[in-house]
Amino acid sequence: MGRTESYNSLSDEELVRKIVQGEDSALFEVLFNRYKGKVLDKCYSLLHNREMAEEFTEDILSRVYEKLSGFRGSSSFSSWLYSITYNYCIDYLREKKKLHYPEWNRQNEIPEIADDIEEDMTEVQYSRMLRIMDIMHAEERAMLLMKYKDELSVRQIAASLRLTEGAVKMRIKRAKARLVYLYRKLYGNYCVFSSVLLFDRLSSL
Amino acid sequence: MDLFRSIFSPFSRSVPKRVSGSLPVHFAGAIGAEWTSNDEIYEAIFYHDDIEKIARFDKEGTLIEYRVNINPDQIPSPIREAVAAELEIMNCIAVYTSEKLNYELIVRDRKFVRYLLMLDSLGNSLLSEQL
């Protein structure tokens with residue numbers, strides 16, 4: 001058995017407490033192994049570049065180790081880690097890739113806002129939704145993942161993405177409206193275009 | 001599949017009829033309302049005239065305040081002019097209460113540092129803090 005394997009049964013928070021109290025910094029290996037894959041998935045879902053996602057994962061987990069003493073336990077460790085992960089990726093995209101949400105949103109207005117989302121969107125095809133998520137703006141994608149996959153609070157999302165809570169709520173609303181619009185446009189019964197052609201066009205946005 | 005079920009599942013929070021019924025009174029034609037509540041304050045986020053809005057009601061259904069997303073090209077001149085030239089407006093929300101209208105802005109400088117600005121309707125600064 002490896003040196004840290006006996007600690008695998010400890011909760012995240014117990015591990016953090018032991019590391020911060022100086023019991024054994026090698027315990028971070030347990031957290032690292034527990035979360036490396038999840039952080040990598042999140043980075044890849046935003047960056048769409050495997051090599052970069054792996055590099056970011058190492059950077060983020062290193063940063064988290066350095067900031068461990070700042071973890072107050074007001075949220076779960078995973079929520080805290082994911083907030084840092086999204087912040088790191090979105091900041092990179094904003095600064096280095098000139099990702100500009102207001103401009104993108106202005107150029108991609110949603111022509112139709114649906115009122116009946118709840119009636120017929122619960123049986124959507126997962127693979128189709130993932131394709132649509134991939135062509136959405138990274139900030140909208142991040143907010144949907146933060147809210148509905150990682151179950152971060154609006155306050156946590158706002159702090160992570162450096163927005164206000166009102167802005168987060170409105171952008172999540174818009175992201176959902178866009179998801180529905182694109183799904184129906186691409187896959188709905190009234191779709192008169194070739195889905196593939198339209199998808200290709202949207203992918204270039 | 002859980003992700004999309006979660007995104008599209010109906011929101012289950014029960015809202016008193018006198019509260020939910022107040023929404024169309026103030027915002028005729030509002031669609032896609034999602035409700036949350038906290039400390040007897042009920043909040044709806046919805047589309048009205050194709051714009052995202054957030055309205056807060058008390059337990060009697062009285063409208064307390066509402067917020068309207070403002071497109072960048074529709075920001076009123078006094079607000080736009082009150083923002084320093086080197087700052088870029090990234091988000092603007094009008095905040096209406098019974099007594100006043102304020103604006104909540106997210107701006108960023110050339111180094112991508114973001115700030116929250118609260119301005120009154122004349123563009124006077126009420127709050128400025130780094131996000």
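Reply: From the N terminus on, the elements of chain A run α-α-α-α-α-α-α-α-α-α-α. That makes 11 helices and 0 strands in chain A; helices (H or I, at least four residues) and strands (E, at least two) are DSSP runs, numbered from the N terminus. The model is predicted: local features need pLDDT of at least 70 and side-chain atom pairs pLDDT 80 or more, while totals for chains, interfaces and linings use all residues. Residues are numbered from 1 along each chain as its sequence is written, chains are lettered from A and ligands numbered from 1 in the order written, and side-chain values use heavy atoms, without hydrogens and water.

The part to look at closely is the sheet of chain B. In this sheet, 8 strands lie in the order E1-E2-E3-E4-E5-E6-E7-E8, forming an open sheet with antiparallel pairing; strands pair if DSSP finds at least two bridges between them. At the edges are E1 and E8 of chain B, each of which pairs on one side only. From one strand to the next, the twist averages 15 degrees (axes are lines fitted to C-alpha atoms, for helices over the stretch in contact, and angles run from 0 to 180 degrees between N-to-C directions).

Strand E1 of chain B covers residues 31–38 and pairs with E2(B) in the antiparallel sense over 6 bridges. Across this pairing, Thr36(B) has Glu43(B) in E2(B) as its bridge partner. The two strands E1(B) and E2(B) form a hairpin with 2 residues between them, and Asp39(B) in the turn has a positive phi of about 50 degrees.

Strand E2 of chain B, residues 41–48, is mostly covered, with 7 of its 8 residues buried; buried means under 20% relative accessible area, exposed over 50%, and partly exposed in between (1.4 Å probe, protein chains only). On to the next neighbour: E2(B) pairs with strand E3 (residues 51–57) of chain B over 7 bridges, again in the antiparallel sense.

Now move to the later strands. Strand E5 of chain B (residues 88–97) runs antiparallel to E6(B), and 8 bridges join the two. Within this pair, Ile89(B) stands opposite Val107(B) in E6(B). Strand E6 of chain B, residues 101–108, is in turn joined to E7(B) by 7 bridges, and these two run antiparallel. Ile106(B) stands opposite Leu116(B) in E7(B). The hairpin of E6(B) and E7(B) has 5 residues between the strands, with Phe112(B) in the turn at a positive phi of about 70 degrees.

Strand E7 of chain B (residues 114–120) is mostly covered: 6 of its 7 residues are buried. E7(B) is joined by 5 bridges to strand E8 of chain B, residues 125–130, which runs antiparallel to it. There Tyr115(B) stands opposite Gln130(B) in E8(B). In this hairpin, with 4 residues between E7(B) and E8(B), Gly123(B) takes a positive phi near 95 degrees.

Chain B is split into domain 1 (2–64) and domain 2 (70–130), with bounds from an automatic or database domain assignment. Taken over C-alpha atoms, the centres of domain 1 and domain 2 of chain B are 25 Å apart.

Just after H2(A), His48(A) takes a positive phi of about 55 degrees.

Elsewhere in chain A, Glu139(A) lies in helix H8. Glu139(A) counts as buried because its relative accessibility is 1%. Apart from neighbours within four places in sequence, Glu139(A) is in contact with Ile90(A), Arg94(A), Leu99(A), Tyr101(A) and Arg171(A), where contact means heavy atoms within 4.5 Å.
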